[in-house]
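Hi,

Here is the structure I promised to pass on.

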Amino acid sequence: MAPLVQEVHFPQLHIPIMIDRKFPVLPAGSIPASAGDSLYLSNLDDMIGARVFTPTVYFYGSNSLTSESRSLADVLHDALAAVLVPYYPLSGRMRETENGKLEIFFGAGQGALMVEAHSEMVLADLGDLTVPNPGWEPLVYRFPNEEPYKILDMPLLIAQVTMFSCGGFSLGLRLCHCICDGLGAMQLLRAWATTAKSGTLVIDPEPCWDREIFRPQYPPVVKFPHTEFSRIDDGSSLTKSLWIAKPVQRCYKISPEFQARVKTQAKDEAFPCTTFDAMAAHIWRSWVKALDVKPRDYQLRLTFSVNARQKLKNPPLKSGFYGNAVCVACAVSSVSELIDGSLSSTTSLVHEARLSVSEEYLRSTIDYVEVHRPTRLEFGGKLTITQWTRFSIYESADFGWGRPIYAGPIDLTPTPQVCILLPGGESDPSGTMVVCICLPKSANIVEARPELTGLGRRQATPDADLQANLQAIRERPGMLGTEGGEREALPISPASSGPEIWRRPRLGGMLRDGRKLSTPEVVTTKP
């Protein structure tokens, strides 16, 4: 039986890459823009959090290849050139106008960028291809001496095809977030892949730019405080834990059964929570406990994006809209409330934050950005959860060689206060969720068991470990014991040389040293 929660380890890698050629991808036909023209970007496109490239990588096995006489890069180039006609804004460049506002401008010889590369390694050398690995970074092209977060005067789509000696290959993409949100990126990817697969341009739905629909009001009307954008002096220990201590990326596979148990424990008669509400609350609480955040009265924020497409009625968005149509929801809680409060109470905060995103809230967000124009990302006291589980990323990335083995992000460590929820992968259609999160190296990541509350917890002495597990088992959703009163050993880690942790049976029972237990308790016994 597969574990309910499993940490997936990945190796540290050095992938030697040889670049064979680089070439632009220009639209294959005429487009409704000429040199000197520009396109408006909305304030949702222009939020500081969108001023990044989103890197993703897609792996395909050697048995995915056909007898295509042309190179993979040429096939992908021709399909992308066709797609850049209806998606012509991606052939432009980004620039700033007055007050730092972004727009797209068009000039001669712009277009997207295609890179063809190869490696002497084989796919099997890359470790577990079910979870992201920062070592895959060379598979996504970056310009020499490229500045971090540079988006101005850059190709808005950069694609690198890397062939491995086994015949497998990867497609590494960098897509400017200002052009599209996650759903928009899936729409573009699906059009590109379907076009490559069929050999002729296929677009469904017809892409729609329509950024003017999100123009700010004049005068601007900011109706909400928008705590998600507030600059907060980080008076907690988070800065030291996450930015000075150089955290590492950890990945956990969360089974559907575990998700269901967390959701059941998080439910309250006052509100109908979703799986996301419950898991986001659970991750937030576990993250705070693992980092041992101080002081206890410090106010923390949880932020996450909410798709606003179905909330827009005046006017509604067209089905082919591929721009940013998301709002940032924000829940606020003190450290002590997260640690000592119930999972249900934290879930209610997430639930309320999600439901607070309305058309009125979105319009207020647009006007807030117009008035304040934030110029830096604010990470103070914040965990940001990004949900990719509903993206059709595997289905959308079939270019004619089958669905990818892995499709998703690579490295979270540049922004260690971001947690990503990913689908389980092409080989696991069961509904497994992969949680990717950054923690300092000093954090002792517990071997995932349903009886332990957190995905990680702070490094501690055996006595402190005991107290931490006492609290964990008291709070663990629905798993204080096994059916039938049988005991079960819970080693702290697979190779633990310390004391074993034994769980009290649900109904009476004994420890192996003969002592009876009548209340929920965890005790240590010598190995």
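Let's start with a pair you can find quickly: Met163 stands opposite Phe169 in β9. Before going on, note that this is a predicted model, where local features need pLDDT of at least 70 and side-chain atom pairs count only at pLDDT 80 or more, while totals for chains, interfaces and linings use all residues. Residues are numbered from 1 along each chain as its sequence is written, and side-chain values use heavy atoms, with hydrogens and water left out.

Back to the strands. Helices (H or I, at least four residues) and strands (E, at least two) are DSSP runs, numbered from the N terminus. Two strands pair if DSSP finds at least two bridges between them. Strand β8 (residues 157–164) is antiparallel to β9, with seven bridges. The two form a hairpin with four residues between them, and Gly167 in that turn has a positive phi of about 100°. β9 also pairs with strand β4 (residues 53–60), again in the antiparallel sense, over eight bridges. There, Thr56 is the residue opposite Leu173 of β9.

How many residues of β9 are buried? Eight of the eight in 169–176 are, so the strand is largely enclosed by the rest of the structure. Buried here means under 20% relative accessible area (exposed is over 50%, partly exposed in between; 1.4 Å probe, protein chains only). In a regular strand the side chains alternate between the two faces of the sheet. In β9, Phe169, Leu171, Leu173 and Leu175 are on one side and Ser170, Gly172, Arg174 and Cys176 on the other.

Now the helices. The axes of α1 (residues 72–83) and α2 (residues 182–198) come within 8 Å and cross at roughly 125° (axes are lines fitted to C-alpha atoms, for helices over the stretch in contact, and angles run from 0 to 180 degrees between N-to-C directions). That makes α1 oblique to α2; angles under 35 degrees count as roughly parallel, over 145 as roughly antiparallel, 65 to 115 as roughly perpendicular and the rest as oblique. The contact (heavy atoms within 4.5 Å) involves residues including Val75 and Leu76 of α1 and Leu188 and Trp192 of α2.

Last stop: Glu378, in the loop between α8 (359–372) and β13 (382–387). Glu378 counts as buried because its relative accessibility is 13%. Leaving aside neighbours within four places in sequence, Glu378 is in contact with Phe229, Ser230, Arg231 and Arg301.

Cheers
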